[in-house]
Amino acid sequence: MTSSTELAFLFIYAVSFYIFIIYRSLQISQDHYTKVYGLRPGWIFHRLNDVSDAQWRNFRGNLSILTLVFGIFTLVATSCRKYGLKAKGMSVIWLMLSLSYLSYLHGACILYILFIASANFLLVKICGRTRFVFLLWIFNITLLICNRVYEGYPFSLFGRSWAYLDNYRGTFRWHICFNFVILRMISFGYDYHWAYYLNRFDKEKHIQRCNNCSLGRTCYQLLQERSLENDKFSFTIYLSYLIYAPLYIAGPIISFNAFASQLDTPQKTHSLKEVVWYGLRWIFSLMLMESMTHFFYYNAFAISGTWNHLSPLDIFIIGYGVLNFMWLKFFLLWRYFRFWSLINGIEAPENMPRCINNCYNLESFWRNWHASFNKWLVRYMYIPLGGTQTKLLNVWVIFTFVAVWHDLEWKLLSWAWLTCLVFIPEMIVKSTTNTLKVESSVGKFLYHELSAVAGAITITCLMVANLVGFVIGSSGINWLLYKFLQKEGLPILGGMFITFYVGTKLMFHISDTKQKRIHS
């Protein structure tokens, strides 16, 4: 079979698969909508809208006020920047704007944020340039756990005279957002630590190799890797970095070096036209999400438990739909806040640069899901822990931290360890195949086919791991196995595997086409 014939077959199969998924999803939603909860009257053709996901419901409900607030902040910050304010001046402006924003979000709990941030700053200045810099990790991980255990510390814990402040805790739980602040506090501490030592980053070599930097722009990697002067590590710049309003709630995660560099000189990577187009694409994606939640009630089925009584085929469709819903939800959240940051001259790494349906191995999935978090983990955990030399051990430490960072739940730890169990064989196979040189046509064919089979297995494992971590929990594994390993479920399991195999081969063709364009 020629490459073009194979591609035509794969394309027809993929189109047929999605037509069937859409058709069956409409049927399931229509037949069972009375049995699920989380549906509200919608605005598209008088259909009900699935707002069962609390995170999406809150974001969608507050979208207009968020846009108004960020519009005002942008107007103020842009006007001040025109007067020639540099890092110190802009940090004060953003500190004032962000404090007003946090006062609305967290009320009196802003006192906790300021106290902890000040304690961390003091710890950095004392230990940041000594061999005791590891104390930053102990301090911040302890905070991460205590914040969850004590649910943001009721003021009544400190005596009756403070209890009245519990009536003024704002509209948003501060300790949920503070997980991102913890990452920023660690980033500040280690960027301060590394600025003291010899920087091995070769700026000239990077500029020659980087497409953006060679054109006179400044890419994110250059902003992150080059060291800053001591005056950039001031308390006002540090605090404005921790609570920078556009990225405060959900990120994307940006390093301290990259943030402080752009206070002086706004980002030049993206032109105004590109930023406007970025915003228009976001609006189109929002309409796609609205269509999805009005016609397909994937998340409502999952959280209400109604899918427990459906056939294995329908369970697969809903599970697949839930993961796509989650991807689109985070895509919209992260790109909305990144859009406002770009308008204000601060470029943050792009989360989800690749669609969830175009990832056939765990490494590419993780690198392209929460991409900014992945960059943070590589810089502040993976490389300091030994990098590639100890990667088989590093993966357990890193994913356990990721699970605890998200929340103190067993299902997230289950997700983390299941992911590691998939990741380790993948890393071993990759390192082995990289040393092999396949030259014969038969060898290349077998290698291609085995890679597609491995991709199908990985996608299946990823789907199970993410459903366990974010939907059904570790207790749902037995139910999932029972549904798919019984007589009725085995054909569905086989069809699912064949579909993922076909999808992986289609991804190979997409990747090959991109490579040819790059080298042409």
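## Tyr-104 and its contacts

Tyr-104 touches Gly-170 and Thr-171, leaving aside residues up to four places away in sequence. Touching, or contact, means heavy atoms within 4.5 Å. Tyr-104 sits in helix H4, residues 87–106. Helices here are DSSP runs of H or I with at least four residues, strands are E runs of at least two, and both are numbered from the N terminus.

Tyr-104 counts as exposed, at 53% relative accessibility. The scale runs like this: buried is under 20% relative accessible area, exposed is over 50%, and partly exposed is in between, with a 1.4 Å probe and protein chains only. Tyr-104 and Val-133 are 29 residues apart along the chain, and their C-alpha atoms are separated by 34 Å.

## About the model

This is a predicted model: local features need pLDDT of at least 70, side-chain atom pairs count only at pLDDT 80 or more, and totals for chains, interfaces and linings use all residues. Residues are numbered from 1 along each chain as its sequence is written, and side-chain values use heavy atoms, with hydrogens and water left out.

## Positive phi angles

His-46 is not a glycine, yet its phi is positive, about 60°. His-46 belongs to the loop between strand S1 (39–41) and strand S2 (48–50). His-46 is exposed, with a relative accessible area of 81%.

Glu-151 also has a positive phi, near 50°. Its loop runs between helix H6 (135–149) and helix H7 (174–196). Glu-151 is partly exposed, at 47% relative accessible area.

## A cis peptide bond

Gly-251 and Pro-252 are joined by a cis peptide bond, with omega about 5°. Pro-252 lies in the loop between helix H12 (245–248) and helix H13 (256–264).
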